[in-house]
Amino acid sequence: MTQLVVIRCDGYNPAQIRSGLHLAFKTLDMNRDCQSGEKILIKPNLLSAVTPEQAVTPHPEVLRALAQNLAPMGLGLSIGDSPAFDASDKALRISGLATVAAEMDIGIADFEHQTTIDFPEGVALRRFNVAKGVADAEGIISLCKMKTHALTGMTGAVKNQLGVIVGPQKAKMHVQYPDVESFSRMLVDINRALRPRLYVMDGITALEGNGPRNGQPRFVGLLMVSRDPVLVDAFAASVMGLDPQSIETVRAGQLAGLGNGDLESAKSALFDLRDGQPASVRERVGRASDFASELMIPDFVHAQTQRSVMGRLASLGAPIVKGQIMNRPTIDKNRCTRCGICVKACPLEPPAVDRQKKNTVPEYQYTRCIRCYCCQEVCPAGAISVKKTLIGRLLRM
């Protein structure tokens, strides 16, 4: 049985995307997963209020095509997410998703209020709060973006579900889970608890470099669709030129039984819609590893990440490791607008990054910084990047 559907597109061509998702739904027999009248939440990755051209959020045409393919099922659709920064309604509007939602009669889910979920089977997380719109839904479809990420290497299907947690609580979870291993186990538990029905990754235009917000858009031309978030992320990582097993969410997800990160054993279908009409679609079926190798982008620019052993040492509070060796967020004083958003985003109290005087460039206390990179993630000016220290470069870490 096909586990992953990969669709090649020329760009955000509405007809191609609609036809591609139709083929994916048919191949995966999506009709058996949804019943008429069910309330289904579409959960996009809304990091912040940015335009579609910045390739930070899923493109509105992907949402439109997704809704068009779901419409015949008679579902009650809603959409919502809790951005890392900016209000949800603003992020939906600026991203173009709100316009499509209104046109397609998709309701706006409640991401202001929250409710508690118990998950006794969790490894890292057994009780947590989610947005009321998540609890009210009978099923979730996860709509994620193919991007780099300074903490986890890449962000995609597994990490997208962090947005079910409302507002500043997400940042606080970086304190509770201070290294990439424990943080990834927490993300896997959220996915295991909520069990989205389907994962759709927008990789038509991906984000490389200083992701997940301030990188550079990179045309890849792919949509990936599966019930398995680990497989989606493993495939996307391989296309980005990363070893899937170096992505901790893939490793943790596979160990916890969330999904399959072994591309060799995963059956995949590749639909090539480029330069053609639906009647001339070129379909191939084979191993996911073969398609990933064929589609891999050798010069895709990766995020600057830290080896996990250093993260574990830092979580133990070793000040020399944190202060002098670990990769650190660094502010470009020429690009910094002195807005102070990085200070507000820091989950520590007091913040590990702060301004010494009003309207000055914030400064870091690196021995306190937990390397969650929330500051880098939300900086609207792209002034923060993750860099190696001199000692780290000498030690080749």
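**Ground rules.** I number residues from 1 along each chain as its sequence is written, and side-chain values use heavy atoms, with hydrogens and water left out. Because the model is predicted, local features need pLDDT of at least 70 and side-chain atom pairs count only at pLDDT 80 or more, while totals for chains, interfaces and linings use all residues.

**Entry 1: helix α2.** I took helices (H or I, at least four residues) and strands (E, at least two) as DSSP runs, numbered from the N terminus. Is α2 buried or exposed? I call a residue buried under 20% relative accessible area, exposed over 50% and partly exposed in between, using a 1.4 Å probe and protein chains only. Ten of the eleven residues of α2 (residues 60–70) are buried, so the helix is largely enclosed by the rest of the structure. Among the buried ones I noted P60, E61, R64 and N69.

**Entry 2: strand β7.** I found eleven of the eleven residues of β7 (residues 139–149) buried. Which strands pair with β7? I count two strands as paired if DSSP finds at least two bridges between them.

- β2 (residues 39–44) runs parallel to β7 over five bridges, and K43 stands opposite S142.
- β9 (residues 198–208) is also parallel to β7, joined by six bridges, with K145 opposite D202.
- β8 (residues 153–155) is antiparallel to β7, with three bridges, and H149 faces G153. A hairpin of three residues links β7 to β8.

**Entry 3: K147.** Next I picked K147, which sits in β7.

I then looked at backbone oxygens: that of V56 lies 3.0 Å from a polar atom of the K147 side chain, and that of P212 lies 3.1 Å from one. Contact here means heavy atoms within 4.5 Å. Leaving aside neighbours within four places in sequence, K147 is in contact with residues including N45, L47, M154 and M240.

**Entry 4: P351.** I located P351 in the loop between α13 (341–345) and β14 (353–354). P351 is buried, at 15% relative accessible area. Not counting residues up to four places away in sequence, P351 touches V343, C346 and R368.

Terms used
A polar contact is a pair of N or O atoms within 3.5 Å; within protein, one must be able to donate a hydrogen and the other to accept it, and residues adjacent in sequence count only if both atoms are side-chain atoms.
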